[in-house]
Amino acid sequence: MWFIYQSYYYLNVLQLSEGVTGVALLCGQLADGIATPCVGMLSDKLELGWGKRNTFFIVGSIIVIPSFLCLFTAPIWANAVCRDIWYVVCPIIFNIGWAAVQVSHMAVVNSLTYDQEKRDIMINSRNGFTYAANIAMLAFSLALFLFEEHSLMQFRVLSVTCAILGAISTCYYVYQVREAKLSKEAMTKERLYLRADLGRTFTNTTGEGAA
């Protein structure tokens, strides 16, 4: 959602040059493109205490929340050059964290259940809540921009609101979804199901042979 506002904020509110704005957007997307496959490969290979996916989700969230706020805030002591560097580096850090959050959150579905119907329900729920959150944030932005005239304050209130809601939903998700425990339970159930299915297949085959 931040990407919708970033170019406008940089060009029209902060009045950064088009070159700096373009570099900031490009560097952010390059960082995302590099970090995404790296997170996917690492989360496949590493077994960590919070789970293969949730560990990256937690680390990514710790990176995302402060770096997101930094996208819309620069230190008051920064001169023009430091400010430009700040607004180029922050999208890079944010996109690295966002890659960890996004990839791990999408991949965790396959760890929680082996039932395709349940996987479809979780994916559809995720997509539905994503669209609902986007619409809610756009509606809030519209109301904020109508009642608050100061452009800088508009974006700061919006970014703080997004960060607070994101932190709350992240804590709720981490508390509710215990990947390490749930993935073990799912694997145990899958093994029992496969044994039972193999037993039924063997019984049917033996019965047909005897007949």
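In the predicted model, helix α2 passes helix α4 in a right-handed crossing, a crossing being right-handed if the near helix is turned clockwise from the far one by less than a right angle, and left-handed if anticlockwise. The two helices, α2 (residues 18–45) and α4 (residues 80–112), pack at an angle of about 25°, with their axes 8 Å apart, and α2 is therefore roughly parallel to α4. Axes are lines fitted to C-alpha atoms, for helices over the stretch in contact, and angles run from 0 to 180 degrees between N-to-C directions; angles under 35 degrees count as roughly parallel, over 145 as roughly antiparallel, 65 to 115 as roughly perpendicular and the rest as oblique. On the α2 side, the residues that meet α4 are V20, V23, A24, C27, G28, Q29, A31, D32, A35, T36, V39 and G40, and their counterparts in α4 are D84, Y87, V88, P91, I92, N95, I96, A99, A100 and V103 (contact: heavy atoms within 4.5 Å). By class, this contact of α2 with α4 comprises 15 nonpolar, five polar and two charged residues, where Ala, Val, Leu, Ile, Met, Phe, Trp, Tyr, Cys and Pro count as nonpolar, Asp, Glu, Lys and Arg as charged, and the others, Gly among them, as polar.

Because this is a predicted model, local features need pLDDT of at least 70 and side-chain atom pairs count only at pLDDT 80 or more, whereas totals for chains, interfaces and linings use all residues. Residues are numbered from 1 along each chain as its sequence is written, and side-chain values use heavy atoms, with hydrogens and water left out.

Of the 211 residues in the chain, 33% are buried (under 20% relative accessible area, with exposed over 50% and partly exposed in between; 1.4 Å probe, protein chains only). Among the contacts in the chain with a separation of 6 or more, 68% are accounted for by residues 24 or more positions apart.

Helix α4 also packs with α3 (residues 54–71), the axes of the two coming within 7 Å and crossing at roughly 150°, and the two helices are therefore roughly antiparallel to each other. In contrast to the right-handed crossing of α2 and α4, the crossing of α3 and α4 is left-handed. The residues of the contact of α3 with α4 divide into 17 nonpolar, seven polar and no charged.

With helix α5 (residues 116–147), α4 has axes that come within 9 Å and cross at roughly 155°, which makes α4 roughly antiparallel to α5; the crossing is right-handed. Residues Q102, H105, M106, V109, N110 and L112 of α4 here meet R119, M122, I123 and R126 of α5, and the residues of this contact divide into five nonpolar, three polar and two charged.

Leaving aside neighbours within four places in sequence, Y87 is in contact with Y9, Y10, L14, L16, A24, C70, L71, F72, T73 and A74.

C27, in α2, counts as partly exposed at 22% relative accessibility; apart from neighbours within four places in sequence, C27 is in contact with V88 and I92. C27 and V89 are 62 residues apart in sequence and 8.0 Å apart in space, C-alpha to C-alpha. L69, in helix α3, is likewise partly exposed, at 29% relative accessibility, and touches S159, V160 and A163, residues up to four places away in sequence not being counted. The C-alpha atoms of L69 and F155, 86 residues apart along the chain, are separated by 9.9 Å.

Most residues other than glycine have a negative phi. Q15, although not a glycine, has a positive phi of about 60°; Q15 is placed in the loop between α1 (2–13) and α2 and is exposed, with a relative accessible area of 62%.

Definitions and conventions:
Helices (H or I, at least four residues) and strands (E, at least two) are DSSP runs, numbered from the N terminus.
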